[in-house]
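Good morning, and thank you for coming. Please look at the structure as I show it.

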Amino acid sequence: MTYDDATELRRLRWRSRRGMRELDRLFERWLDRCWATSTEAEREVFRRLLDCEDDRLWKWFLGHERSDDAQLDTLVQSIRQLSPG
């Protein structure tokens, strides 16, 4: 990982702190397991996901609603499938 990658990852970890532990853990899980091998397109979708409001994110992750944006929905479903351990 280059210096720029490490710096961006730190920034994203900070942006991922939502004040809702459950969301924090979901985002951290993706960053820990998927960031390093993700494409730039996947990373951009993750950045867009972080721009969404917490209440909307929570409904998506609980499966009560789905995003109208297919890319965001795909990422949410992917994150939901990551095991907690």
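Predicted model: local features only at pLDDT ≥ 70, side-chain atom pairs only at ≥ 80, totals over all residues.

Let me begin with a term: a residue is called buried when its relative accessible area is under 20%.

In general, nonpolar side chains in soluble globular proteins tend to be buried together. Here, the largest nonpolar core holds 22 residues, and those touching the most other members are Phe27, Trp30, Phe46, Leu49, Leu57, Phe61 and Ile79. Two or more core residues come from each of helix 1 (3-15), helix 2 (21-33), helix 3 (40-50), helix 4 (54-62) and helix 5 (70-81). Helix 2 supplies the largest share, five residues.

Let us turn to the rings. How many aromatic pairs does the structure hold? There are four aromatic pairs. One of them joins Phe27 and Phe61 edge-to-face, with 6.0 Å from centre to centre and 80 degrees between the planes. This pair links distant parts of the chain, since Phe27 belongs to helix 2 and Phe61 to helix 4, 34 residues apart.

Trp30 and Phe46, by contrast, are stacked, at 4.5 Å centre to centre and 15 degrees between the planes. Because Trp30 lies in helix 2 and Phe46 in helix 3, their pair ties together parts that are 16 residues apart in sequence.

Ring pairs connect Phe27, Trp30, Trp35, Phe46 and Phe61 into a cluster. Finally, Arg43 lies over the face of Trp35, 4.1 Å from the ring centre.

Notes
Residues numbered from 1 in each chain as written. Heavy atoms only, no water. Core = buried A, V, L, I, M, F, W, Y, C linked by side-chain atoms within 4.5 Å. Buried < 20%, exposed > 50% of the residue type's maximum accessible area, 1.4 Å probe, protein only. Helix = DSSP H or I, 4+ residues; strand = E, 2+ residues; numbered from the N terminus. Phe/Tyr/Trp six-rings, centres within 6.5 Å; stacked < 30°, edge-to-face > 60°. Lys NZ or Arg CZ within 6 Å of the ring centre and 35° of its normal.
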